[in-house]
Amino acid sequence: MTGVGQRSLWRDAASRLAANRAAMAGLVVVALFAFVAIAAPILAPYDPAAGDTRNHELDPFWGDPAYRSAAFPLGTDQLGRDVLSRLIWSARVSLLIGFVPVSIIVTIGVAVGLVAGYYGRWADLLLMRAVDVIYAFPELLFVIVIVTAARGTWIGELGSGIVLIFVSIATVSWVGMARLVRGQVLALRGLEFIDAARAMGASDRRILVRHVLPNVLAPVIVAVAFGVPGAMLTESALSFLGIGIKPPTPSWGVMINEGFTLAIQSPWPVLMPAVCISVVMLAFTFLGDGLREALDPRA
Amino acid sequence: MSHYLVRRLLALPLTLLAVALITFALAHATPGGPWDRFDEKPLPLQAEINLNRYYGLDLPVHEQFLVYIGNLVRLDLGTSIQKGRPVADIIGEGLPVTAQLGLQSLLLALAVAIPLGVVSALRRNSLADHATTLLATVGTTIPNFVLCVFFILYFGMTLRLLPFVGWGDGLDVRRMLMPTVILALPAMGFLTRLVRSSVLEVLRADFVRTARAKGLRERSVLRGHVLKNAFVPVLTVLGPATANLVVGSFIVETFFSIPGVGRLFIQSVNARDYPVIMATTLLYALAIGVANLAVDLAYGALDPRVKVAQ
C-alpha cells in the first residue's frame with residue numbers, strides 16, 4: 001500500500017518540478033557544473049598550479065589583441081597560470097565541498113533528529129541545548145573559529161585544507177538538520193497512521209524506518225538543495241579571507257583573494273571566478289526553490 | 001509571559017558562557033600559539049617565557065579560563081597580542097563604525113523592501129511582481145564578496161565614480177555608499193520576498209474579507225488591516241538579519257578597508273590573536289542574543305496570541 005502511494009507522490013513532485021522552467025534551467029547548470037568538476041583532469045588544458053611567468057596577465061580572447069594568446073582562451077593570472085584550467089579545477093573543489101559535508105550532515109542530522117523527536121527525553125534535551133548554542137552564532141563565524149583553531153594541526157594540512165573545511169562545516173551544520181527532522185517527527189508522532197501502525201504491532205524501529213523516515217524526506221531534500229550551495233559559499237568566503245583552501249590549489253575564493261590586489265591592471269582573473277560563483281549559486285537557488293514548491297505545493 | 005521573559009533573560013548569559021567556553025577551549029586545545037612566526041626568525045626561548053607570563057599563558061588552561069571570565073565580568077577584555085593595546089579600546093574604536101554601517105544597511109533594506117514587497121503582492125503576477133521577485137532572488141543569492149568584486153571593479157575602478165577604500169568620518173556619503181548598499185542587498189532581497197508572501201497571506205484572511213464586506217474603502221482595509229498584520233513576520237526575522245549583517249560585515253569591511261569590528265575580527269583570526277577573537281566573538285553572540293530577545297518581546301506586544309500560547 002505505502003509503496004504505491006509514495007511513488008505517485010514523488011511522481012507528482014517530479015512533474016511539478018519539470019514544469020518549472022527556472023528550476024529546470026538551474027538543474028541544467030548544476031549538471032553542467034558537476035560534469036566539469038568530475039571531468040576536470042580531462043577538460044583542463046594545463047596544470048592549474050603551474051605557471052609560466054613569461055605569459056603572465058594575458059587578456060582573454062575578447063581582450064586587447066596585443067596581450068592575448070590563442071593558447072590561453074581565458075587569459076592568465078599574475079603568475080602566468082591558465083585561468084580556464086584554474087576555473088575548471090576550482091569547480092572540482094566546490095563540488096567536493098558541496099557534497100561531502102552535506103552527506104555527513106544528512107547522516108548525523110537525520111539519525112539524531114529521528115531519535116530526539118521520536119524518543120524525546122535526554123536525547124531531545126541535549127539536542128535542543130546544542131541548538132541554543134549553535135544558533136547564538138552565524139554559522140560562518142563558528143566555522144571561522146574552528147578553522148582558525150585547527151589550521152596549524154595535521155588535519156589542517158590534509159588535502160590543502162579541504163578536509164578541515166569538511167569537518168568544520170559538518171560540526172556546525174548537523175545541528176540545523178537535526179532540528180528540522182526533530183520538528184517533522186514531533187508533528188508526525190501524533191498522527192493517526194503512526195498510532196495505527198503501533199496498534200497493528202509494528203516495532204519502534206519499523207515505525208521509524210517505514211513510516212516516519214519517508215515522511216521527513218521531502219523537507220530534508222529541500223534542506224540539502226540549499227545546504228550544498230551554502231557549504232560551497234562558506235568555502236569560497238573562507239578561501240577569500242585566506243583561511244580556506246591553501247594555495248596553489250585553486251578554488252574560486254582563492255582566485256579572488258590572489259587576484260584582487262592586482263585587479264586594477266588585470267581584472268579578468270578576479271571577475272571570472274566571481275561570475276562562476278554567481279552562476280552556480282543562482283542555479284542552485286532556482287533548483288532549490290523549484291524543489292520546495294514541487295515537494296510542498298501548499299507553501 | 002513574565003515567566004518566559006525571565007527564562008529568556010537567564011538563558012542569554014548562559015549561552016554567552018557556553019560560547020566563551022567553546023571558543024576558549026578551541027583556542028587552547030590546538031598546538032601553535034601567538035608567538036609562532038612562519039615567516040620570521042623564531043622568538044628566543046626566554047622572551048617566549050616572559051611573554052607567556054605577561055599574558056597569563058603560563059597558567060593551567062582551566063585557571064586561564066576562570067581568570068578570563070573573572071576579568072570579563074569586570075569588563076576587562078585583556079590585551080591584544082598583535083597590537084599590544086587593551087582589547088576594549090580597540091573594539092571601542094571599531095564598534096561605532098560597524099554599528100553605523102549595520103544600522104544604515106538595515107534601514108536601507110527595510111526602506112526598499114517594504115514598498116517593493118507590498119506593491120509586488122498587490123499586483124500579484126504582474127510584470128513588476130515577477131521582476132521584483134527575480135531581483136530579490138538575485139540579491140539574496142549572489143554572495144557579499146562577489147558583489148564587492150563587481151561593485152569595486154565597475155563603479156570604483158572602471159567608472160571611477162566612487163571611492164572604495166576606508167570609511168572617513170562617518171559622514172562621507174560617497175565613501176559609504178558602496179559598502180552600505182552591498183551589505184543591504186541580501187537583507188533587501190530576503191525581506192522583499194518575506195513582505196510579499198506575508199501580505200499575500202493576510203489578503204486571504206477572513207478578517208480582510210469581512211472588512212471589505214462591511215464596505216470599508218480599499219485604502220482603509222490595506223492600512224488598518226493588511227499592513228499592520230503583515231509586518232509581524234518581518235519583525236521576527238530581524239534577529240537572524242542581525243546575524244547576517246555581522247557575517248556580511250567581515251567581508252565588506254575587509255574588502256573596503258573599513259576600520260570596524262568585522263575587519264578587526266578577520267585580522268585577529270589571521271594573526272591568532274585570541275584575546276581579540278574571544279572578545280569579538282562574545283560581542284557578536286551578545287548582539288545577536290539581544291536582537292532575538294528584543295524581537296521576541298516586541299512580537300509578544302504586537303500579537304496577543306503569543307502571550308496566551310506562552
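Leaving aside its neighbours within four places in sequence, with which residues is A:Leu180 in contact? In this predicted model, the residues that A:Leu180 touches beyond those neighbours are A:Pro219, A:Val220 and A:Ala223. A:Leu180 itself belongs to helix α8 of chain A, which runs over residues 162-189. Between A:Leu180 and A:Pro219 there are 39 residues of separation in sequence, while their C-alpha atoms lie 8.0 Å apart in space.

**The interface of chains A and B**

The two chains meet through 40 residues of chain A and 40 residues of chain B. The area buried between chain A and chain B comes to about 3300 Å², and carbon and sulfur atoms give 85% of that area. Across this interface the rule finds three residue pairs in polar contact, both residues being at pLDDT 80 or more. On the side of chain A that touches chain B, the elements that give two or more residues are α5 (121-134), α6 (139-150), α10 (204-241), α11 (252-260) and α12 (268-295) of chain A. Of these, α12(A) supplies the largest share, with 12 residues. Sorted by class, the side of chain A that touches chain B consists of 30 nonpolar, seven polar and three charged residues.

One salt bridge is found across the interface of chain A and chain B. It joins the side chains of A:Asp289 and B:Arg193, with an N to O distance of 3.1 Å.

**Salt bridges in the whole structure**

Over all chains, a search of the whole structure finds 10 salt bridges. The table sets out four of them.

| Residue pair | N to O distance |
|---|---|
| A:Asp289 and B:Arg193 | 3.1 Å |
| A:Glu258 and A:Arg86 | 3.2 Å |
| B:Arg85 and B:Glu93 | 2.5 Å |
| B:Glu218 and B:Arg212 | 2.8 Å |

The salt bridge between the side chains of A:Glu258 and A:Arg86 links distant parts of the chain, as A:Glu258 is in helix α11 of chain A and A:Arg86 is in helix α4 (residues 83-119) of chain A, 172 residues apart. Both A:Glu258 and A:Arg86 are buried.

The two pairs of chain B in the table can be described by the accessibility of their partners. In the pair of B:Arg85 and B:Glu93, B:Arg85 has a relative accessible area of 33% and is partly exposed, and B:Glu93, at 46%, is partly exposed as well. In the pair of B:Glu218 and B:Arg212, the value for B:Glu218 is 40% relative accessibility, which counts as partly exposed, and B:Arg212, with a relative accessible area of 36%, is also partly exposed. In chain A, salt bridges that share partners join A:Arg81, A:Arg86 and A:Glu258 into one network.

**Helix α4 of chain A**

Note on methods:
Residues are numbered from 1 along each chain as its sequence is written. Chains are lettered from A and ligands numbered from 1 in the order in which they are written. This is a predicted model: local features need pLDDT of at least 70, side-chain atom pairs count only at pLDDT 80 or more; totals for chains, interfaces and linings use all residues. Side-chain values use heavy atoms; hydrogens and water are left out. Contact means heavy atoms within 4.5 Å. Buried area is the accessible area (1.4 Å probe) that two parts lose on being put together, summed over both. A salt bridge is a side-chain nitrogen of Lys or Arg within 4 Å of a carboxyl oxygen of Asp or Glu. A polar contact is a pair of N or O atoms within 3.5 Å; within protein, one must be able to donate a hydrogen and the other to accept it, and residues adjacent in sequence count only if both atoms are side-chain atoms. Helices (H or I, at least four residues) and strands (E, at least two) are DSSP runs, numbered from the N terminus. Ala, Val, Leu, Ile, Met, Phe, Trp, Tyr, Cys and Pro count as nonpolar, Asp, Glu, Lys and Arg as charged, and the others, Gly among them, as polar. Buried means under 20% relative accessible area, exposed over 50%, partly exposed in between (1.4 Å probe, protein chains only).
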